[in-house]
Amino acid sequence: MNGAGEKHMKIGFIGLGVMGEPMARHLRAAGHDLAVWARRPESAAALVAEGVPLCATPAELAARSEVVITIVTASADVEGLAFGPEGLAAGFAAGRIHVDMSTIAPATARSLAARYAERGIGWVDAPVSGGGQGARDATLAIMAGAEDETLARVRPLFEVLGKRIVHIGPPGAGQVAKACNQMIMVSTIQACAEAVSLASAHGVDVAAVRQALMGGSAGSKVLEVMGAKMVERDFTAGIEARLHHKDFAILMDEAAKLGAPLPVAAQVWQQLNALMGAGWGREDTSSLLRVLER
Amino acid sequence: MDVGFIGLGLMGRPMALNLIKAGHRVHAWSRRRESMQPLLDAGAGDCASAAEVARHASITISMVADAPDVEQVTLGADGVADGASPGHIHIDMSTIAPAAAQSIAARLAERGVVALDAPVSGGEPGAIAGTLTIMVGGELEACARVQPLFEAMGKSITRIGEAGAGQVAKACNQIITGVGVASVAEALNFAARSGVDGAKVREALLGGFAYSRILENHGQRMLERNFKPGFKAWMHQKDVRIVMDEAHRLGLALPTAAATMQLFNAMAGSGLGEDDSVALLKLIERMSGGAGE
C-alpha cells in the first residue's frame, strides 16, 4: 500500500469484533488514517490506546472520512448506522462512500444504495468469507456489489484486507454471493457431520476417514477445518453458530420471495434451529454433529 | 348486534353475508371498492374507512392478507382504533404470525381496544357454508361476548388461550395441512406412475389410518384435476413461511414442514402460485419427468 501512486485515505471503521478489529489494524498498518466509532466504547479501547481517534457519533465519523467501513451483525444494525439518528448519512459529504462488509439481506443493501445515491453518496456491499483467521491473515474472500467507479476507488483498501476480490455486480450482488457462500458452507458442515456420525456408528476411526477423504473428491475447506473440530470434539467457535443461523433466515426468506426452492438448505436450516434450541448458538457450527448425536 | 367487517375477499365476503343472514347488522368497508357490492346488495351499511366502521359498531372484524394489512386497518390512519369507543372489541380473523398478533393486541390495548385473534380453517367452502373452524386467542370475557358472531360463521369454535394463541393453533393447522397436501400429491402421483388408478387408491385409503380431510377433499380435486382456487398456493406459502419464521425464532426443528415450504416456493417460482394448493400435484408430476399440466 505504500507503493508509488497509492494514496492514503481517511477511513472510518465501525464494528470492532472478531472480524473488524484485525481488519481495522491492517488498514492502519498500511498507512491509512483511521478513526472509529463503537456502540460499546470498550470494544475500541485497545485501538484508542494506540492513538486511533474515537468519534462520538457515526455522523461525526462520516464527516471526517472519505470511506466508512462497517462490519456489524444484522440488516437492522446497518440501517440504523446509515440512516438512524446521527447516522452516517447525516455526516457524509457528497462523493463519500459507505462500504458495508456485514452479511445482510440483499434487499436491504439495494435499498440503502438507492437512498445514498439520492444524496450522491457511494455504496459498496462487500461481505467476506474466511472467518476470524482470514481477517487476521488478511486473506479474506471479498464479494463486492457496487457501481464500477465506486468499487475502483475502494479496491486498494480491499487489497489490504483480502486475497480474492471479485466484483459480482451492482449494489446487493455481493450479498447474493454471500448468501450462496453461506448455503454451500453450512450444507457442507452438515454433510461432514453426517459423515462423521456415520463413521462413528460403524465404529470406524473418524480421524482416518477424514484424512482419507481430504485427498479425494469430497475434500473441502469445511472438511479440513470443521471436520478437524468434529474429530477433536472441539466445539469452541470459530464462527458462532448463531451467525450462520441468522444468515439462513435471510437467505430462506429471500428464496421464498423469489419462489426459489432450496430443499437441502431448508433441511440444514432445521438442523440449525435444533442447534439453537439446544443452547449451542455461541459455539461453533460444527456442533451440528452434536445435534445428530442427541 | 351491530358488527363491523373489514376485508371482503374470498373468505371475508361469505363470512360477512352469514352474519347478515343470522340477523346481525353489518357495517362494511373494503380497500377494493368493487368487492363491497354483494354486501351492500344484502343490506350492509356502507362505510368509507375502517374508522367509520368502528364508529358504527362496537365489535369489528378484519379478514385481510397479512400482518401489515392488519396493522394498517387497526392501528393505521383512519383505522379501527381511530373510530373506537372505550370497550371496543376487534377480532382479527386473518392468518398472521403469533408474535405480530400479540404485538397488535398490546398496542390496541393501549388505545382502549380489546383484541382477539381468531383465524379460521375450512377454506372458501367452509366460509360459504358457515362451518369454519375458529381458533380464538384473547380475553375470556370478550370471547364470550362475541360467541354469537362466531356461531354465525363457524361450527367448531375453540378458545385456545391468551392473545396470539389462536394464531399458534392456526400455525399448527398449516403445518398439518401443508404437509398433508404434499403427501397426498406424492401418493397420487406414485399411484399414477405405477399404473394404478388413483381414484381407487383414494377410496381404499379413506377407510384406513391414512384417512384425512385432505385426502378426502384435496385428493378428490387432484383426481378431477380441478386446480381452481379455493386456497391459492401463494397463500399457503405465506402461511408456512410464518410458521418457519417462528420456528427459527424459537429454535425449533420442523424438517418436514421445511421441505413442504420449498415445494410451495417452487410452485410460486414456476407460475403455479395463483392455482389452488392442490396444484402441488402438477409440481410433483413435473419433478418426476411428467407433463404436470
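Predicted model: local features only at pLDDT ≥ 70, side-chain atom pairs only at ≥ 80, totals over all residues.
Q: Why are helix 13 of chain A and helix 13 of chain B called roughly antiparallel?
A: Their axes pack at an angle of about 150°. Angles over 145 degrees count as roughly antiparallel. Helix 13 of chain A and helix 13 of chain B are therefore roughly antiparallel to each other. The axes lie 9 Å apart, and the crossing is right-handed.

Q: Which residues of helix 13 of chain A meet which residues of helix 13 of chain B?
A: From chain A, residues 263-277 form the helix. Pro263(A), Ala266(A), Gln267(A), Trp269(A) and Gln270(A) take part on that side. Helix 13 of chain B covers residues 255-269. Pro255(B), Ala258(B), Ala259(B), Met261(B) and Gln262(B) take part there.

Q: How many residues does each chain give to the contact between the chains?
A: Chain A gives 19 residues and chain B gives 19 residues. On the chain B side, the elements that give two or more residues are helix 12 (233-250) and helix 13. Helix 13 of chain B gives the most, with 10 residues. The chain B side divides into 12 nonpolar, 6 polar and 1 charged.

Q: What makes up the contact of helix 9 of chain A with helix 12 of chain A?
A: Helix 9 of chain A brings Ala179(A), Gln182(A), Met183(A) and Val186(A). Helix 12 of chain A brings His244(A), Asp247(A), Phe248(A), Ile250(A), Leu251(A) and Glu254(A). By class, there are 6 nonpolar, 2 polar and 2 charged residues.

Q: Why is Lys178(A) called buried?
A: Lys178(A) has 29 other C-beta atoms within 10 Å. A residue is buried at 20 or more. Lys178(A) therefore counts as buried. Lys178(A) is found in helix 9 of chain A. Leaving out residues up to four places away in sequence, Lys178(A) touches Thr103(A), Pro127(A) and Met143(A). Lys178(A) and Ser129(A) are 49 residues apart in sequence and 7.7 Å apart in space, C-alpha to C-alpha.

Q: What makes Glu254(A) partly exposed?
A: Glu254(A) has 17 C-beta neighbours inside 10 Å. Buried needs 20 or more, and exposed means 12 or fewer. Glu254(A) falls in between, so the label is partly exposed. Glu254(A) sits in helix 12 of chain A. Not counting residues up to four places away, Glu254(A) touches Ala105(A), Pro106(A), Ala107(A) and Ala179(A). From Glu254(A) to Val36(A) is 218 residues in sequence and 32 Å in space, C-alpha to C-alpha.

Q: Which residues have the most contacts inside the largest nonpolar core?
A: They are Val36(A), Met252(A), Ala16(B), Met267(B) and Leu280(B). The core has 182 residues. Its largest share, 10 residues, comes from helix 9 (residues 173-201) of chain A. Beyond neighbours within four places in sequence, Met267(B) is in contact with Ala233(B), Leu272(B), Gly273(B), Ala279(B), Leu280(B) and Leu283(B).

Q: Why does Asp78(B) count as partly exposed, and why Glu86(A)?
A: Asp78(B) has 17 C-beta neighbours inside 10 Å. Glu86(A) has 16 other C-beta atoms within 10 Å.

Q: Where is the peptide bond with omega near 10°?
A: The bond runs from Pro229(B) to Gly230(B) and is cis. Gly230(B) is in the loop between helix 11 (213-224) and helix 12 of chain B.

Definitions and conventions: Residues numbered from 1 in each chain as written. Chains lettered and ligands numbered in written order. Axes fitted to C-alpha atoms, helices over the stretch in contact; angles between N-to-C directions. Helix = DSSP H or I, 4+ residues; strand = E, 2+ residues; numbered from the N terminus. Parallel < 35°, antiparallel > 145°, perpendicular 65-115°, else oblique. Left-handed = near helix turned anticlockwise from the far one by under 90°. Contact = placed C-beta atoms within 7 Å. Nonpolar A, V, L, I, M, F, W, Y, C, P; charged D, E, K, R; others polar. Core = buried A, V, L, I, M, F, W, Y, C linked by C-beta atoms within 7 Å.
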